[in-house]
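Reader: I'm new to this one. Could you walk me through how to read it?

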Amino acid sequence: MKESIRRFISDQLLSGTAIADDDDLLLSGLLDSMSVMRLVAHLEKAFGVKIPPQDVVIENFTSVDTITAYLEGKEAA
Amino acid sequence: MTAPLTKSQELFWTGQALAGEVPLYNQAWRFDFSGSLERGHVTAAFERLTERADVLRTVFRETEDGVVQDVLNTPPRSLEHVDLSPYANPDDKARAFIEARSRQPFDLDSATYDAVLLRLDDQRWVLFFSQHHIVTDAWSVALLFEAFRDHLESLRAGLSMPSEPLPAFQALVVEERTFRLSNESQEAAEHWRAIAEASAGPVRLYNRRNSDASPETVRIARPLTEAQVEGLASLSRADGVRSFSNHLTHFNLFLTTFFAYAARVSGQRQITIGTPAHNRTTPALKRLPGLLVEVFPFAAAIEEGETFRSLFGKVAAANMENMRFSRAGAASVESGRAFNVILNYINATFSEIDGLERRIEWLSTDAMDPGHDLRLHVMDMNGDGAPVLAFDLKTSTFPERLRLAIPDHFTAVLDAMLDNFDRQIDEVAIVSATERTAHLDTFNQVPLARGGGETVLSLFAKAVGSSPSKTAVTCGKTILTFEALDRWSDEIAAELARMGVGPGALVGLHMRRSAAYPAAVLGVMKVGAAFLPLDSSLPLERLAFTVDDADVAAIVTEPSLIHRLRGQSRPVLTINAPPAAKGRAVLPTTHAPMRADDSAYVIYTSGSTGQPKGVEVSHGAFASYLAWASAVYGGDEPVSMPFFTAIGFDLTLTSLFVPLISGGAIVVYPEPMEGSDLSVLDVFSDDHVDIVKLTPAHLALVTEHVGPARRIRTLVLGGEDLKTQLATNALDRLGHDVTIYNEYGPTEAVIGCMVHRFDPAEDRGLSVPIGVPADGMCICVLDSGMNPVPQGVAGEIYIGGNRLAKGYVGREDLTAERFIDDPFRQGERLYRTGDLARFNDRWQLDYLGRSDRQVKLRGVRIELGEIEQALKSLPDVSDAVIIAHSTDQGQRSWEKSAGEVHCTRCGLSSDYPDATIDAGVCSICRELEDYKDRAQVYFSDMSALRSILDDASTRSRGDYDCIALTSGGKDSIYALARLADMGPRILALTLDNGYLSDGAKDNISRVTRMLGVDHRYVSTPAMNAIFVDSLKRHANVCNGCFKTIYTLAVQTALEVGAPTIVTGLSRGQFFETRLTPDLFKSGPVTCGNIEAMVLEARKAYHRTDDAVSAFLDTEAFKDDTVFDQVQFVDFYRYCDVSLDEIYSFLHERLPWKRPDDTGRSSNCLINDVGIYVHKRREGFHNYALPYSWDVRMGHKDREAALDELNDDIDVARVRRILNDIGYDADDLFESSADTQLCAYVVSDRGMSASDVKASLKDRLPPEMMPARVIRIDAIPLTANGKVDVTALPASDGTPTVPSTIYRAPSSKKEILLAALWADVLRIERVGVDDNYYDLGGDSISAIRIAARARKDGIDLPPALIFQHQTVAELAAVVGVTDGEQVVPPDDHDPSPFTLAGLGTDSFDAIAAALGSSRKSGS
C-alpha cells in the first residue's frame, strides 16, 4: 500500500520528484489542495474506500506514513 | 515560434473580439514601493523580466488557420517612466494616471502588457503593470513579481541578475493539447458539462435580470474586520470544519456564505455559481507564468431548514469532487454559460523585497463579461491575514442603492455564520438599519384610519337622515328608498328581538341576493347581533356544519330556501316582502348602543385541516374599512354599486355597504334559481352603476364579451392575482378613462388592506402590484426568522394595523397561531397571511402566490387539505391527494394531439391550422396540383443567372460583383460553390448570431478557403433583442434572424459596392412565401408580375417597425433607390437540383461535413428555442409547413421530414437560452394559465369519477369541487415521504377513470364537437358518450365552447350543453349554420331550443338556461 501511494504521489502529482515516507507533503507545499483531492480520488478508487471531507485533515494526509496509517485504520474499523 | 491557442486563450480571444475596445480582460496591478530605490535598477530588472518570461513577449495574430500566438525575440515595449514628484498632489495624479492607463485596450498583435514606473517622491514609487488576461492570471503575476524581485535584489546587492529563461508558457500549449485528447480530459469535461446542464439558470439576485450587453461594473471593496478575521480563524479550527489547508477551509467557508447569500436574496434553492480554479496541478505548472486559471461551475442546493453547518458539509464535499476535475483545458463555452455570479477566492501570494516596503493592489477596470452580474473576489495580496472582499457589480443590473447594500447583506450573512454555525440560513437578518426603517416605517407611513368611533349603522343613519327618499336599493322592479330600507331593517330587528336575539348573538343569513338581503344585514346589526352569510349554494352538510360550528342564535331565510333548513333546531325567521309603507316597528328597548369592539359579522373560509373556519370581524374594523373604501373608490361621493357576487364572499360587503354609507344605491343582480351565475355580464351590459368590485376571473369574462362602459368609472379588483395583461385588455375594452384598483386583503384583515391604482404606463410586470398599505394598516414582508426582507426579495406578508379580525370563532389555538404579537410594535397584533410578496423598485408590493397549500380559484380561497379530508371521508376512498395545476393551452399543445394525422404526400401534420387533410391528402398538396405548372414561369436556368452576374460585374462599384449569403448549411454552401464556378467576384457573408454551430463555422471556413472566396462575418450587439422581438411577434427566432441578415447584407453591399445579393432560399421557400395559390387564382401570372410583387413586399418588409429597425441602421430602406442599387437574386430560381445531387456534390467536391452538433440538420443552436416557443404558443411545429414544402419539391423525403419534426427538445437548455437572451420565460411558462383542481384517489372498491363527484357534491361547495378525478393504485411518495407530484399521472392524460367506454366520434358534427370539447376542456380526446361534467366542464367552458362553435358554423347555445351532456346527444340536437341558412340536425327535427329559443348573444338567457349547479362569481 505504502509503495503504491508513494509512487502515485511522486509520479502523478510531483512529476517524478522522489519523496520519503515521512516527508511532510502539506506544510512543505509539495501538495496543494488540488493535488490532495486528486490523491483522495486515487485512494478511493485504488483501495475501494470512501474518504469523507472531514477526514481530509492535516494529521491524516501529512505524509505517506500518515496516509497509510489512516487507510489501515479505516480498513480495521 | 508560432503556436495555436489554448482553449482558455481562445475564449479570451473571442471574448475580446466581441467586446471591441472595452477593457474586459485587462489585468491591471499597482505595486507601491517605499524606501530608496534606483530608477535604473527597476528598469533593468523589468527588462530582464521581459527577456526571461516568454509570456511577456507573446503576441497574437489571425491567420487562415485561425488565431496563433508568436513569441517575439525582443520585448515589444520597455518600462515607461513618469515623474510625478513635481506635482503638489502626486498621489492623486498617480491614481488618475493609473485609472486611465489600466483601461487602455491592448493591441494583441503588438504587445500584451503595459508597464510604467511612477515616481511620487524620493521614497515612494509606484509600478503600474497591466497584462491582457489571455497571457496571465493572478498566480502568474505573483511568479513574475518574484522574478522581478530577484532581479531587483541582485542589482541592489551589486550582483548579476539571473538570466535563465523562466518556464515557457508555450510548453503548456503542447501539454494542454495532449490533455484534451486524454480520457481524463473527457471525464473532466463530462463532469463540468453535467454540472452546467443541471444548472437552474442564472441566479436572479433581488429579482434583478441581466438585461443588456453593457460591460460596465463598479467595484466595492470591504476589508474584513478584525472580528471577522478572528471569527473565521476560530471557525476554521473547529472539528468538522478544518481541513489540511487553511486556504481550502476558508474557500469552503466563503463558498458557504456565498451560496447562502445568493439563495437568500434570490429565493432560489438550486444555485450554480462560477469559481475560478488555478489549475496548477503539478510542481512545474506552479512555476509557470501564463494563463492557467479557468472558471468552473459549482452547484449547491440550499434546502428549507438548511443550516450553515449542513450547507458547509455539502459544499466541502462538492468542492472535493470538483477539484479532482480542475485541469487546464477542461472549461468550455457551455460550462461558462451556466452561471452569472462568481466567487473568486484568490490565494496567490507575493514576495517581500529586501529593504523595501511593498503594497500590492489588483485593480478593477470597471468592466466585466456582460453576462455576469456579480463577481466577489476574496483576496489577501499583501499577506496581511485580513482578506478584502471586492464586489464587482454590473451597474445596469443593480441600481446604486442595491450596489451599496449588497456588501452589507453579504457580510450580514457572513457574520451570522461566524456567530452561529448552526443557524438556519433562512432566518438570518439581512437588511441594514436604514433598509429596515424604509420597510417597516417609511412604507407604512399612511394616514390614520378613518371612521374612528363610527359604526356601519351610524354611517347608514347619516345617509338615511340626509336623503331619506333617495333610492337605496333596486332589484328589478323593487325599489327601496333609504327610509324604506331603514324601516324594513327595523322590522327585521324587532322580529329578531322578539325571537330572543340580542347583542352579542350571531345570526345566520341563508338567503339569495335580493333587496331583502341588505335589510336583513342591517336588521341583524340593529338588534346588536353579528351576521353570518350562508350562501344559498352551500351543500347541506356544510350548511349544517357551519350553523353548528358558529352556534348561531337564529337564521334568517327566504321562502324558497326554507326547505334547506328543515331539521334545524334553531329559530328561523323567513322574510318575504318589504313592510307596508305605514307604521314603524318599535325597536326593543334592550338595544344597547354599538361599540367598536362588538362583532359585525363572521365569514367562513376554507381551512387547511379539513374544516372551514369562521373569521370574526368587529364593527370598528368594518366601519374603518368602509370609510376608507368609500373615500378611495368613490371620493366620498354617493356611489352605486352592483350586488352580484355571493353573499359569503367578503368582497361582496364592499358592494353592499359603500353605497349605503355614501348615499348611493345598491343595484341587485339576483342569482339564478339554478345554474350558472353570469350576472357580471349583465352588470356591464346594463352599465347602471359607478363602481364594480369583482374578481379577475369576472373581469376576464367581461373583457371577452362586453363593450365600452359609459357609467362604470371604477373597477375594484380583488380576490386573486390580477395579471397586467388582463388589466390592459380591460381598459382597451371598457375605455381608458376607467380606473382599475387592485385591492389586496384576506378576510382576516377585513376585506382590503392594500391597494394599487393600475397604471398601464408604469405597471409592466406580469401581475399588477398590490401596492401600498391602506389607511390605518401596516404591512411588512418577513423571512422565516421574522426579519424584514430586502427590497426585491420574496417573503411572507404580515398585516398589522387597526383592521384585523378578532380571530376565528371558537378556535383560540388557530387564532393564536395566525394572529401573533407584533415583534416590531409592542402591544400590536400581526396577522400572518401565508401570502408571498416582494417589493418592486417603486416600493410597491408584487404578489407572488401562496407559501402553503392554499389556492385561489375565481377569487375564493381554497385549502387543498380541506378537499382531501372530504375525499378521504368518503367510505370507498382510502387515500387521496389534490393537486391544483395550471392547464395552459401551450402545455397541452406541446403534447401531440390525439388525432394527429399526416398528409400521405408531404407529411404535413393535421395540427397545422391553415390546411385541412382530406382522404389523406392536405389541401396545400391538392391546390399545388392545380397551379404547379403555371408557377414554373418564376423559374429559369443557369444561363439567366450568368447574365445577371455579367450585368452585376458592370454595375459593381468596388471589389465584388455579388454578396453570397452563406449560412453554412447545405443549400447555401452548394449555391456558393456553383456561384464560384461561374467566376464572379464574391464576398461570402455570414451572420454570426451568437448561436452558429461550430460545425457550420468550420464548414464555412473550409469551403470558402478552398473556393478562394472572401468571407466575412457580420453581427450586431442587438441580436438578443432581435431574437426576443421575433419570439414575441412570430413565436420563432428565424424571422428576426432573416431580417437581420438581409439588413446587414444590404448595408455591406452598399459599403463594398456590390450590386447583387445572392440568397440560398430553397424552391420550397418560394412556394411557401411567394407562389401562393391566391396568386394564381385571378388569371394568368407572369414572371414580371411575381417579381414586382416580391419587390413591393420586400420594400414593405424592410420598412416595418420592429427590433431590427429599432436597433440597426435601416435609413437606406426609406428610399426606393436602394432596391435598384442592390438587387436580390435567389440562386435556386435558376438552379433545379435534387437533394441527392446536392449531397453528392458537397461530398465529392467540397470539404463540407454534415453537421452533427445540433441534433438535426440545422446550423443554429438557438433554433430549438424558436421551435419550443412556437409549439407552446401556436400549438404546432414552425417547421411543419417549410418541411412539407421541401417534401413537395423533392428536397426531403417524407419520412426524414417527419423524423426531424419529432424533436426531443431540452427544455432546461431552452429556458437557459431564453434567460440568456432576456426573453421573459415566466411569461411563456405561466401565461394563459388556468388553475384546475385535480383529485387523485385510491379506491379499492373502484369508485368511478362520477361516483366520487356525486358523493362530494353534498360535502363541498361548488368552487371546491375537483374538476377531474383520477383513480390511482397508490399515492406516489418521495424519499422524504412527501407526495411525489411528478410521479402522478398527467391530469389530461389517459389514466383517468372513464365513466364510459370510449366511443370515437363518427359524424362530421360529432367530430367537430368532440374536437371543440377537447380543445376547450384541454383534454386529449373526447368520446361521444363522455359526460360533460365528468370531463371537467363548467359554465365558463360552455360559453367558450359556444363561442368557438359559432366560429366553426355550429350554432350551439351553451344551455344545450347542460341539457345534452354528451357529444352524441348534443350532435343530435344542434344545427349547423350555412351563412344565414340553418341546416337541420343529422337525424332530428330542429329542437325548439336550438336557435329560436335562445338568442346566443343574450347572456342573461344563457345564464338562465344553464343547467349547471356551478357559479362563477364566488
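**A helix and its cover**

Author: Let's start inside chain B: the cover over the buried residues of helix 14 of chain B includes helix 15 (482-498), helix 16 (516-526), strand 21 (599-605), helix 18 (619-634) and helix 19 (651-662) of chain B. Helices (H or I, at least four residues) and strands (E, at least two) are DSSP runs, numbered from the N terminus. The model is predicted: local features need pLDDT of at least 70, side-chain atom pairs count only at pLDDT 80 or more, and totals for chains, interfaces and linings use all residues. Residues are numbered from 1 along each chain as its sequence is written, while chains are lettered from A and ligands numbered from 1 in the order in which they are written.

Reader: Which residues of helix 14 of chain B are buried?

Author: A residue is buried if 20 or more other C-beta atoms, placed from the backbone, lie within 10 Å of its own, exposed if 12 or fewer, and partly exposed in between. In helix 14 (residues 456-466) of chain B, the buried ones include Val456(B), Phe460(B), Ala463(B) and Val464(B).

Reader: Why do the buried residues of helix 14 of chain B line one face?

Author: An α-helix has 3.6 residues a turn, so residues three or four places apart point the same way. Looking down the axis of helix 14 of chain B, the buried residues fall within an arc of 100° (taken from the directions from the helix axis to the C-beta atoms), so they line one face of the helix. The face turned away from that buried side carries the exposed residues Gly465(B) and Ser466(B).

Reader: How many residues are in the largest nonpolar core?

Author: A nonpolar core is a set of buried Ala, Val, Leu, Ile, Met, Phe, Trp, Tyr and Cys residues joined through C-beta atoms within 7 Å. The largest has 306 residues, and Phe259(B), Ala262(B), Val507(B), Leu509(B) and Ala520(B) touch the most other members. Helix 8 (residues 246-266) of chain B gives the largest share of this core, 12 residues. A second, separate core has 82 residues, among them Leu949(B) and Tyr1172(B).

Reader: What does Ala262(B) touch?

Author: Two residues are in contact if their C-beta atoms, placed from the backbone, lie within 7 Å. Leaving out residues up to four places away in sequence, Ala262(B) touches Val203(B), Leu205(B), Ile271(B), Ile273(B) and Val341(B).

Reader: And sheets? What is the strand order in the open sheet of 5 strands?

Author: Two strands pair if DSSP finds at least two bridges between them. Here the order is 25-26-27-28-29 (chain B), with mixed pairing. Strand 25 (691-694) and strand 29 (772-773) of chain B are the edge strands, each pairing on one side only. Strand 25 of chain B runs parallel to strand 26 (residues 714-717) of chain B, and 4 bridges join them. Val692(B), for example, has Leu715(B) in strand 26 of chain B as its bridge partner.

Reader: Now chain A. How many helices does chain A have?

Author: Chain A has 4 helices and 0 strands, and buried residues make up 31% of its 77 residues.

Reader: How many residues of chain A are in contact with chain B?

Author: On the chain A side there are 19, in contact with 17 residues of chain B. Helix 2 (33-47) and helix 3 (58-61) of chain A each supply at least two residues of that side, and helix 2 of chain A gives the most, with 8 residues.
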